[in-house]
Amino acid sequence: MWRSPVFWTIAILVLLGLALLGASRVWTEVLWFRQIGFLQVFTTQWVARIVLFLIGLVVMAAATWAALVLAYRGRPVYAPSTGSEQVLERYQQQFEPLRRPALIIVPLVLGLFAAGNASAQWETVLLAINSTKFGQVDPQFHLDASFYIFELPAIRFAVSYLTGVALMSLIASLVMHYLYRGVRLGGGVKVQMTRAARVQLGLMAAVFSVLIGVRYFLDRYSMLADVNNGGADGAGYTAVNANMPAKLILACIALFVAVMFAVAAWKGDWKLPATALGLMVLSAVVVGWAYPALIQKFSVEPSELDKEQTYIERNISATRFAFGIDDVEVSGYTAKTDAQAGALREDADSTASIRLLDPTVVSPTFRQKEQNKQYYDFPTVLSVDRYEIDGEKQDTVIAVRDLKLSGIPQGSANWVNQHTVYTHGYGVAAAYGNTTDDQGWPAFFEGGLPAFGALDVSEPRVYFGTTSPDYSIVGGGTGDKPVELDYPSDDEASGQISTTFEGDGGPNVGSALNKILYALRFGSTNILFSDNVRPESQIFYDRDPFVRVQKVAPYLTLDERVYPAVVDGRIAWIVDGYTTTDSFPYAEHQLLSSATMDSISSRSNVAGINAITAQSVNYIRNSVKAVVDAYDGSVTLYAWDVDDPVLRAWSGVYNNSLAPVSEISGDLMSHLRYPETMFKVQRTALASYHVTDARSFFFSQDFWKTPNDPTQENPIQQPPYYLTLKMPTQDEAVFSLSSTYIPVGQGTDDRSILKGFLAVNSETGNTPGKVADDYGKIRLLRLPQGASVAGPGQVQNTFVSDPEVKTQIRLLQDQGTEVVRGNLLTLPVGGGLLYVQPMYVQATQGTQFPSLQKVVVGFGTEVGVADTLDEALNIVFKGDSGAEAGDKGVDRDPTIDPGEEPPGEDGASPSPDPSPSSSASQSPSAPPSGEAGSLTQAVDDALKALAEADAAMKAGDWDAYAKAQKDLATARRALEAARQAAST
């Protein structure tokens, strides 16, 4: 077979095919990076990898080759063999014909393994070369933090690599000497060596021992970033007073062993190095393990606080700096629990901005009203932003109408349609966050096909989105017929408006060579022969904004959420990037998956959710704001935190890849925000590190945690919420990101009592090139130790057990419908803490799209429920809250069927209303005379109507069922009137 021409022909063709596939992958990557303007990122990585690969290959291969050659040349010319050595002589005879190729192949194979490991350390090496100072000195060795973050990892890598080279060379030399009887085993444990073997092996063992000593010495510095389960991270008392001296002693012993090996190489006496080696092994057990364990057991544990206090102080200081929580404004907050009339008068702006649309609930409603066609889609979790409408900033729930290829009609899902016709999404849907229309549907101010509304979107096409196809071929010459579906239209005979991409969004695919390359990359011959692939066509791939930013900035850890914004008439995706490390001395480590996982991230379908789950960090900065244009895919990286040393180091690696903040337009600046992942990591750190006294920290008696989301069945953290609110120490309400704390319990013994309220100013302002002064300021409201203010869990329990709320839920949950509880919001207003929860109704089966029907409000012990937030607030605050909510004037239609399809389901998009609420000027309709009655009578009438509806449905009497539904609507109105009368 080995001599068969057919075999070699097939083998050569296979190798050529693999090489061509690899070349197509590499060259199409070059085209992608060159088109997007970040070719330097690609070339820097490859050059660094290749250089390190070659260095790793050459050093290992050369060292092992030299060791083998020296061993062979130092073989004894004649060594008589006796007894068992005759077997070894036969092996030698069999090996001799293979010796020359073995001297090449063995070093080369070892070199390839070493080269792969070296190449993987390209980031470590480049960071060390471009190291920048932190200005933070560690308290143990008094070295700048940059040594531990940039330089120490590179030094350890070099030492580890050289240790591997020394070990492989030593083993290779020993094998060669043994094979050619330069090393011979005598009786018992006696070993005989030739002088050449003794010198070579002795010196190599000495070099290996020196490197082991260097590793022991470097271990002392690495201890400053150790993870200590159950204690503060970093070097504690035992590490400083036992482990570090032990490592230094072991390093000295290793150097002593090296000297003994060198002496043995000269004199031929192996007793000294053997004794020294035994001493090192014994010392590693006694000094390196037993001694620190004894110190910990008998010195530290009996008086742990006194011993560890200094090191806990180091940990607290380093952690607060590393996570950016050393400048948190902490204020005492004695929360009132008695609701008084007019209590919200000083918080009118916060009250008016309270968000009623839950972005995790209303996505199905967005689909029903704004999807238009099945090949469009909205994400499961929508985004919260703010826009200026009619001169007033409005908190907004917004989503991109992205393309979903799985929605293409059956029979049309061919290659031409999937890759040249259905190429892009179209526009956004945006609704006011603080109100709805009269039916409880979102009050849209932007949407429709074609796009229209208050946002004035001049370029609505979304070629680069979170659900875009893996690749699309677009564009063409000026005379080419448009083939891309732009949006459906009843005015055209074809039922659609077609378009052609105009711009520079992807590499050219019109040339013969590029067609071949991309046909190989995507495994499709259609690229070669389709008429829709024209000379000026472009190919779009790697289109997810998260993926694009990750490729051009591989050094960044990206936020789990990518959110859209309409900026200067174009749709853009905004991605927050972080620089991180796990090597900051004495700082506490966090597993990002634990810190960031909550009830939103667990069900979100954006690309970044699983990108950071396994990463452990003890330093983080939101150093980069990345913007991806949804039309042409262009990526701009803005250096957001220019003081971050890690970012400055990477800027040295990738010159000119970052744009300054001064280039950010005013419109873009107004849509940047404080990122969720950063806030989640900081709130996790602050749960413990709000305690700054080492003694109090040691006893952990005032540690907090983020409460679980009370709206979820399974225990999972409550997410932070974007809201416009005013903290007690602020002069005005601003766009903020907030969360709460409850005390840490033992096991399942959690008390949902509020201990703190945390908020960060997320308002960047709208000044071009300038960030608002107070942006990023974290404020913590700390409740008194003896206070017993209900936390989210207790409040949710109060809501569901309140008689009035239970009645309303019973009325809403009639046949075929169910209640969906929205996010439970917490706001520090009225001198206390206000809880707000929207309640939605949707069908129990079939097409489900929630509509807002009730709002529940809690303040202290008072609970109110009504059709609108404004009414519910007045109920809680003795008939007059002192402020107007955003849904004031909304007249909820009591006859609306929550399971009824909303307008727009037939494909015609509703007209967005640019005013906050078209019904805001209308007065709530009074119930007809005779409907108002006692609360008890109203409840009885409602329950009777429910029973009649149930009986009619079971009997199949639909006329009776319709009458029962009308009676139920009348009873609901009477119940509301009776409740309002009772409250006044």
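Okay, one bit of bookkeeping before the pictures: a helix here is a DSSP run of H or I with at least four residues, a strand is a run of E with at least two, and both get numbered from the N terminus. What you're looking at is a predicted model, where local features need pLDDT of at least 70 and side-chain atom pairs count only at pLDDT 80 or more, while totals for chains, interfaces and linings use all residues. Numbering starts from 1 along each chain as its sequence is written, and side-chain values use heavy atoms, with hydrogens and water left out.

Let's start at helix α24, residues 869-876. Six of its eight residues are buried, which leaves the helix mostly covered. Buried, for today, means under 20% relative accessible area; exposed is over 50%, and partly exposed is in between, with a 1.4 Å probe and protein chains only. The buried ones in α24 are L869, D870, E871, A872, L873 and V876. Just after the helix, K878 has a positive phi of about 55°.

Now the sheet. Five strands make an open sheet in the order β5-β6-β9-β10-β11, with antiparallel pairing. Pairing means that DSSP finds at least two bridges between two strands. The edges are β5 (383-389) and β11 (452-453), each pairing on one side only.

Between β5 and β6 there are seven bridges, and the two run antiparallel. Across that pair, E388 sits opposite K393 in β6. The hairpin has two residues between the strands, and there D390 takes a positive phi near 55°.

On to the β6 and β9 pair: how many bridges join these strands? Five, linking residues 392-400 of β6 to residues 428-436 of β9, again antiparallel. Along it, V400 faces V428 in β9, and I398 is opposite A430 in β9.

And why is β6 largely enclosed by the rest of the structure? Because seven of its nine residues are buried. Lying across β6, β9 and β10 (442-447) is helix α12, residues 363-370, and it runs at about 55° to β10. For that angle, the axes are lines fitted to C-alpha atoms, for helices over the stretch in contact, with angles going from 0 to 180 degrees between N-to-C directions. Contact, by the way, means heavy atoms within 4.5 Å.

Next, the cores. A nonpolar core is a set of buried Ala, Val, Leu, Ile, Met, Phe, Trp, Tyr and Cys residues joined through side-chain atoms within 4.5 Å. The largest has 136 residues, and L455, V552, F584 and L637 have the most contacts inside it. There's also a second, separate core of 59 residues, including V362, L833, L852 and A872. Back to F584: leaving out residues up to four places away in sequence, its contacts include F134, I149, L224, F321 and Y619.

Helix α18, residues 645-653, has P645, V646, L647, A649, W650 and V653 buried. The cover over those includes α2 (39-73), α6 (145-179) and β22 (619-629), among others.

Now for the empty space. Rolling a water-sized probe over the atoms shows where space is left. On a 1 Å grid over the protein atoms alone, a cavity is a set of points where a 1.4 Å probe fits but cannot get out; a pocket is an open set with protein on both sides within 12 Å along at least five of seven lines; and lining residues have an atom within 4 Å of a point. Points are joined across faces, edges and corners, and volume is the space filled by probe spheres set on them.

The largest pocket holds about 1100 Å³. It has 43 lining residues, and N228, G230, G231, A232 and E588 are the closest to its centre. Elements giving two or more residues to that lining include α8 (237-267), α10 (304-322) and α21 (694-699).

Of its 16 lining residues, P359, V384, R561, I600 and Y722 are closest to the centre. Both β5 and β25 (721-725) supply at least two residues of that lining.

Last, two single residues. Is Q701 buried or exposed? Exposed, because its relative accessibility is 72%. Q701 is in the loop between α21 and β24. N514, in helix α14 (residues 512-522), counts as buried because its relative accessible area is 12%.
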